[in-house]
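Hi,

Here's the structure I said I'd pass on to you. Have a look at it first, and then read my notes below.

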Amino acid sequence: MSLALTEEQEFIARTAADFVAQKSPLSRVRELRDSGDELGWSRALYKEMAELGWLGIATPEALGGAGMGFAELALIMEELGRTLAPEPLLSCVLMGGQALQLAAQSGTEADLQRAEVWLPKICAGEAVIALAHQEESNRYELDECDTSFRVESGGHFILDGKKIQVLDGHKPDAFIVSAENEDGELSLFWMPADSGNFSTQRQFRVDCRSAAILELNGVRLPPDAMLGKPGLGGELLEQVMLRATTGLCAEMLGGMQQAFHLTLEHLRSREQFGVLIGSFQALKHRAANIFIEIELARSAVRAAAHALDTLSGEDPELAKLVSLAKARCSEGYLLASNEGVQMFGGVGMTDEYDIGLYLKRARAAELSFGDAAHHRERWAELSGY
Amino acid sequence: MPQFNSDPEAFRGEIREWLQQNCPAPLLVPRIGDLQIVWGGAKFVFKNPHQKEWLARAAEAGLTAPEWPREFGGGGLSRAQAKVLSQEMRNLKIPPPLIGFGLTMIGPTLLQYGNEAQKLQHLPGICQGQVRWCQGYSEPGAGSDLASLQCRAEVSGNDYIVNGAKIWTSNADEADWIFALVRTDPQAKKQEGISFLLVDMETPGVSVSPIKLISGSSPFCETHFENVRVPRSNVVGKVNGGWTVAKALLNHERSMIADTFGVGGGLPRRSMADFAREYLPCDEDGMIEDPVMCDRIAQFEMDARAFGLTLQRSRDAARAGQQPGPESSMFKVYGTELNQRRHELMLRIAGPQALGWQGPGFSSEELSLTRAWLRSRGNSIEGGTSEVQRNVIAKRVLALPD
Ligand SMILES: Cc1cc2nc3c(=O)[nH]c(=O)nc-3n(C[C@H](O)[C@H](O)[C@H](O)COP(=O)(O)OP(=O)(O)OC[C@H]3O[C@@H](n4cnc5c(N)ncnc54)[C@H](O)[C@@H]3O)c2cc1C
């Protein structure tokens with residue numbers, strides 16, 4: 001495994017950087033926020049991303065993708081993270097889409113058919129699938145779930161419960177919902193938007209990422225709605241979240257770099273006491289520390305993405321590298337954005353300046369999919385101490 | 001000299017077999033501290049016959065300096081082969097046969113800036129562990145501001161006459177040669193009047209007095225030059241062009257420091273968790289019960305891993321023919337601070353057992369840990385302080401104004 005980029009990967013990263021610079025400036029996120037946009041992101045731009053092959057980059061060609069890997073997808077997420085692009089790659093490609101893809105690899109005939117129908121649509125930017133696993137009380141524990149399912153005569157499933165902060169969950173084409181039976185077995189269920197007996201409510205988060213509450217009141221799903229084999233849903237969710245977490249980390253890596261970039265520009269242009277503030281050693285050394293944190297985060301994200309491409313899902317080394325990446329990115333992004341606001345001074349506190357948007361996203365990303373302390377605990381457990 | 005396959009993967013099998021056959025088994029025990037390091041040189045006393053045998057065999061095969069050309073005593077291995085070698089040594093828990101400023105600092109600098117005669121004179125002795133080197137950069141008045149150094153060398157026929165004092169010269173009392181920065185043009189601007197000079201420590205007029213450290217040992221010295229006669233041919237690079245050579249050597253020094261203190265090279269280490277299990281209550285599965293300690297260990301191990309991955313990324317990029325990226329400027333700062341944290345964590349784990357200085361009630365491992373901790377405080381000072389490294393990052397990498 002090499003952690004250096006290949007020429008092809010560099011090309012992908014450059015193309016993504018150019019696209020983001022031209023089509024997805026940060027001002028777009030502000031406009032979507034301030035206009036109270038119903039969706040919170042742009043379908044047209046999402047379609048363009050699909051045409052560039054981004055949405056299916058880590059999906060096999062047979063399922064409508066490009067058959068590359070997570071190393072490449074991570075590079076795209078990194079670039080999108082630079083300007084906080086709100087399109088639903090994380091929720092739909094990395095969570096919903098990966099749940100379908102992974103289920104198809106190990107599951108039933110129904111899983112394969114579902115993947116064959118829906119993954120090409122996801123890759124084409126024509127469908128949004130949201131993964132609903134977060135609840136009021138389960139925080140970062142994937143194996144805890146209050147939403148219940150039971151089996152009716154005829155094999156239908158009945159789901160009851162409440163999900164929160166379902167990313168891009170207010171208007172998807174379908175949900176994938178986690179639920180537990182009486183025996184505490186966790187499963188994931190395919191729930192199309194036209195299933196009855198549920199309601200959604202848009203949530204507004206501090207970081208402008210679209211989310212929703214999903215309430216399930218006796219939703220009735222057909223017998224083939226369960227993803228993967230019975231009893232293995234917990235494992236499936238675990239694998240999905242390794243991928244999603246790595247994707248989020250890549251996005252965070254992009255965000256922390258941009259926050260740092262803005263801060264450096266400020267240090268090189270703002271004058272006080274008749275000199276540029278970047279000449280103050282107190283600030284220089286803090287900038288050097290941020291630089292180091294970012295380089296470490298970059299290595300961890302690359303290693304995690306490579307591990308997704310090369311290691312088996314059960315290999316504890318993979319889970320350790322993902323935890324390493326999330327812990328580093330959580331701390332690195334917070335450092336870059338907290339320090340950024342401080343070094344901007346008063347203007348850093350204004351809504352007009354962009355640095356505050358990164359501060360909010362950094363915090364939201366930290367508290368998604370496990371914070372640094374959570375992942376240190378996981379690392380220790382996986383290491384056997 | 002054995003011939004090895006140039007394909008790295010075929011080489012892996014060959015070198016593993018060679019290592020297993022040639023490294024004496026009693027050396028394969030992980031240790032803390034630097035008691036077991038082989039420094040070489042005329043005055044070096046081997047701790048046991050196995051070390052001596054291992055050095056002789058490795059040197060014969062060119063494996064003390066795997067990447068140097070064979071004509072100078074090296075192994076002539078490619079970068080990829082050398083990486084495999086160090087991986088295999090780590091896997092087999094084999095200690096390096098030889099460590100020192102010769103291999104890591106002056107050797108690579110001579111390969112870069114030395115003339116043919118200098119290379120032939122000095123490199124083979126380094127590879128065989130016969131000559132030990134020390135570094136004469138710092139002076140009482142010139143530390144971080146190294147270019148303000150005053151030690152001077154004046155021309156006299158075919159020689160220079162050197163006068164002045166160097167300080168913090170690590171192991172000058174054990175060394176056979178010193179590479180020193182001397183002022184050859186007192187009129188020129190600071191950096192421009194300096195030359196890089198090789199001096200035999202046996203030359204009349206060279207004297208050393210050891211300085212005792214907080215760790216109790218006296219690894220470094222004050223080195224005095226009083227009318228020391230040195231051939232003019234001992235200047236490396238151009239006369240008055242020593243600053244360039246000095247900086248190149250500092251780069252080698254910093255990557256060496258990052259290597260030994262970060263991950264990669266150095267002595268094979270025990271995992272922090274295994275160390276902790278000796279001192280802390282654990283359940284029957286070996287899980288450490290104290291969650292705070294667990295968190296500290298995980299924090300340290302994860303930081304060390306991220307650092308290791310960054311070193312790897314930098315090497316991978318170099319192997320792919322890319323320029324070393326800005327990440328390499330962080331290795332000295334982060335690697336040394338990590339090493340300090342490693343020792344601090346080990347002290348906290350050992351608790352009161354880490355308080356020994358000498359005598360009964362403490363194991364020899366514990367005593368050397370305490371001293372190694374004290375020694376580690378110097379890591380962020382030697383080779384350019386952490387503050388100076390951060391200045392360099394801010395200026396060269398981040399383009400912040402002066
Ligand atoms: C264990 C050890 C081994 C050594 N071995 C050798 C050796 O073999 N050969 C050799 O030549 N030297 C050696 N040294 C010396 C070492 O290189 C110097 O100690 C080092 O460069 C610092 O110089 P100084 O001690 O004069 O401290 P000073 O330069 O006086 O620094 C004192 C403090 O001021 C800070 N400071 C100084 N300038 C700045 C600045 N511009 N900005 C911010 N902070 C600043 C420093 O970071 C430090 O914290 C060794 C030192 C140690 C500790």
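How do the residues of the shell around the ligand divide into nonpolar, polar and charged? Twelve are polar, six are nonpolar and two are charged. Before you go further, keep in mind that this is a predicted model.

Let's stay with the ligand for a moment. It is surrounded by 20 residues, and the closest are Tyr137(B), Gly143(B), Ser144(B), Gly378(B) and Thr385(B). If you want to find the shell by its elements, look at strand 1 (133-136), strand 3 (159-170) and helix 11 (386-397) of chain B, each of which supplies at least two residues. In terms of domains, domain 2 (133-241) and domain 3 (270-397) of chain B each give the shell at least three residues.

That brings me to the domains of chain B. The assignment gives domain 1 (8-99), domain 2 (133-241) and domain 3 (270-397). The C-alpha centres of domain 2 of chain B and domain 3 of chain B are 32 Å apart. Their contact takes four residues from domain 2 of chain B and five residues from domain 3 of chain B. On the domain 2 side, one residue is nonpolar, three are polar and none is charged.

Now for chain A, which is divided into domain 1 (7-123), domain 2 (129-230) and domain 3 (234-382). Between domain 1 of chain A and domain 2 of chain A, the C-alpha centres lie 22 Å apart. Here 23 residues of domain 1 of chain A are in contact with 16 residues of domain 2 of chain A. Helix 2 (26-34), helix 5 (89-106) and helix 6 (109-123) of chain A are the elements that give two or more residues to the domain 1 side. Helix 5 of chain A gives the most, with nine residues. By class, that side has 13 nonpolar, seven polar and three charged residues.

Next, where do the two chains meet? The contact takes 31 residues from chain A and 34 residues from chain B. On the chain A side, the elements that give two or more residues are helix 7 (233-267), helix 8 (281-310), helix 9 (316-344) and helix 11 (372-382). The largest share, twelve residues, comes from helix 8 of chain A. The chain A side divides into 18 nonpolar, seven polar and six charged residues.

Two helix pairs are worth a look on screen. Helix 8 of chain A packs with helix 8 (residues 291-319) of chain B at an angle of about 85 degrees, with the axes 8 Å apart. The two are therefore roughly perpendicular to each other. Among the residues making this contact are Glu295(A), Leu296(A) and Arg302(A) from chain A, and Phe307(B), Leu309(B) and Arg313(B) from chain B. The contact has six nonpolar, two polar and three charged residues.

The other pair sits within chain A: helix 9 and helix 10 (residues 355-366) pack at about 155 degrees, with their axes 9 Å apart. That makes helix 9 of chain A roughly antiparallel to helix 10 of chain A, and their crossing is left-handed. Residues of helix 9 in this contact include Tyr333(A), Leu334(A) and Phe344(A), while those of helix 10 include Ile355(A), Leu359(A) and Arg363(A). Nine residues of the contact are nonpolar, five are polar and two are charged.

Cheers

Technical notes
Residues numbered from 1 in each chain as written. Chains lettered and ligands numbered in written order. Predicted model: local features only at pLDDT ≥ 70, side-chain atom pairs only at ≥ 80, totals over all residues. Contact = placed C-beta atoms within 7 Å. Helix = DSSP H or I, 4+ residues; strand = E, 2+ residues; numbered from the N terminus. Nonpolar A, V, L, I, M, F, W, Y, C, P; charged D, E, K, R; others polar. Axes fitted to C-alpha atoms, helices over the stretch in contact; angles between N-to-C directions. Parallel < 35°, antiparallel > 145°, perpendicular 65-115°, else oblique. Left-handed = near helix turned anticlockwise from the far one by under 90°. Near = placed C-beta within 6 Å. Domains from an automatic or database assignment.
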